[in-house]
Amino acid sequence: MIGVRIRTMPKRAVLDPQGEAVVRGLRALGHDVVRDARVGRVVELVLDVEDEAAAREAADRMCAELLVNDVVEYGEVELIDASSVVVGAGA
Amino acid sequence: MTAVAVIVFPGSNCDRDAARAVDDVLGAGTATLAWHAETSLDGVDAIVLPGGFSWGDYLRTGALARFAPVMGAVREAAERGVPVLGICNGFQVLCEAGLLPGALLRNDHLHFRCDEVPVEVASSDTPWTRAIDAGRALQLPIAHGEGRYHADTAVLDELERDSRVVVRYAGANPNGSARAIAGVCSAERNVVGMMPHPERAVHAWMGSDDGALLFESLRLHLGDGATDPNRTELAGALAD
């Protein structure tokens, strides 16, 4: 089993009002150092595949078919320990 | 007899309103509810994808609905030239399915906006707007949290060049949509998506009956027995 973490973020050119709200909220709490924020989404999967290359290939296809809407988002695939996704999945 | 299919996804909540609006304008018995598991829409003259929250809007609005079996039939019908109207969540589904360009994002002010707004019909050249003069303003309800139309500049320019912006917000932009776009159509013009809800504005007592013009347009477009006043009367009498 191999874990993958897919991080999806709004493209730079896309207005991210959630990010702006986070900036306002943090600054209202006194965190004056905050200049910008973007809010995305993380999906973690456990894949039953032979090796890391197969995990990446499968995850890339899943991004293209469903997990990422490339009109407004981009996705980044990272391989992780499967047991960090679901306890026991690393076995 | 004209047959209009209103698609029902788990989480659709404007399906009955849409069916009722179709029946009220085109004649009782015109609308049929089609469950998402249907694999065929053969013999259907037009299709409405209603508003709601299909599959809970999980992942992204409309993202999961496009895998419903019925979407294969919707795509096939769209390719045959059958008029398709996506309203609100239906518009989001059509964008996710790639039947319309662009995407609908969280409103720029982050609030769910439920209101009645003026929209201008920017193109009469679709099955759903042909009874409406371009430039005419309609009062239509909106109710959405994710209605901010987005597409990259090249796509927006192409939409404007080909008059594929069908409706545009005429007053204040209620959600931050690019170029105040409220609805667009496909390159072949038969697939239309819009955030406003015409089905919620088909009688004066609803606050506005401007939405009926969309369904009148469909009747004009189909131009069959449904336009026969006797038939409509008969259908009305049967409904009573």
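Trainee: How many residues does each chain put into the contact?
Mentor: There are 13 residues from chain B and nine residues from chain A in the contact. Keep in mind that this is a predicted model.

Trainee: And what classes of residue are on chain B's side, where it touches chain A?
Mentor: Five nonpolar, four polar and four charged residues make up that side of chain B.

Trainee: OK, switching to chain A. What's the strand order in its open sheet of three strands?
Mentor: The order is 2-1-3, and the pairing is antiparallel.

Trainee: Which ones are the edge strands there?
Mentor: Strand 2 (41–47) and strand 3 (73–80) of chain A, each of which pairs on one side only. Neighbouring strands in this sheet are turned by 20 degrees against each other on average, ignoring direction.

Trainee: How many bridges are there between strand 1 and strand 2 of chain A?
Mentor: Seven bridges, with strand 1 covering residues 2–10 and the two strands pairing in the antiparallel sense. If you want a spot to look at, find Arg7(A), which stands opposite Val42(A) in strand 2 of chain A.

Trainee: Now chain B. What's the order in the open sheet of nine strands?
Mentor: That sheet runs 2-1-3-4-11-10-9-6-7, with mixed pairing. Strand 2 (31–35) and strand 7 (137–144) of chain B are at the edges with a single partner strand each, so one side of each has no neighbour in the sheet. From one strand to the next, the twist averages 25 degrees.

Trainee: How do strand 6 and strand 9 of chain B run, parallel or antiparallel?
Mentor: Antiparallel: strand 6 (residues 113–121) and strand 9 (residues 165–169) of chain B are joined by three bridges. Val121(B) stands opposite Val167(B) in strand 9 of chain B.

Trainee: Which strands does helix 1 of chain B lie across?
Mentor: Helix 1 of chain B lies across strand 1 (4–8), strand 2, strand 3 (46–49) and strand 4 (84–87) of chain B, and it runs at about 170 degrees to strand 1 of chain B.

Trainee: At what angle does helix 1 pack with helix 5 in chain B?
Mentor: Helix 1 (residues 15–26) and helix 5 (residues 212–222) of chain B pack at about 60 degrees, with their axes 9 Å apart. The two helices of chain B are therefore oblique to each other.

Trainee: Is the crossing left-handed or right-handed?
Mentor: Helix 1 and helix 5 of chain B make a right-handed crossing.

Trainee: Which residues make that contact?
Mentor: From helix 1 of chain B, Ala21(B), Val22(B), Val25(B) and Leu26(B); from helix 5 of chain B, Ala212(B), Phe215(B), Glu216(B), Leu218(B) and Arg219(B). By class, that is seven nonpolar, no polar and two charged residues.

Methods. Residues are numbered from 1 along each chain as its sequence is written. Chains are lettered from A and ligands numbered from 1 in the order in which they are written. This is a predicted model: local features need pLDDT of at least 70, side-chain atom pairs count only at pLDDT 80 or more; totals for chains, interfaces and linings use all residues. Two residues are in contact if their C-beta atoms, placed from the backbone, lie within 7 Å. Ala, Val, Leu, Ile, Met, Phe, Trp, Tyr, Cys and Pro count as nonpolar, Asp, Glu, Lys and Arg as charged, and the others, Gly among them, as polar. Axes are lines fitted to C-alpha atoms, for helices over the stretch in contact, and angles run from 0 to 180 degrees between N-to-C directions. Helices (H or I, at least four residues) and strands (E, at least two) are DSSP runs, numbered from the N terminus. Angles under 35 degrees count as roughly parallel, over 145 as roughly antiparallel, 65 to 115 as roughly perpendicular and the rest as oblique. A crossing is left-handed if the near helix is turned anticlockwise from the far one by less than a right angle, and right-handed if clockwise. Two strands pair if DSSP finds at least two bridges between them.
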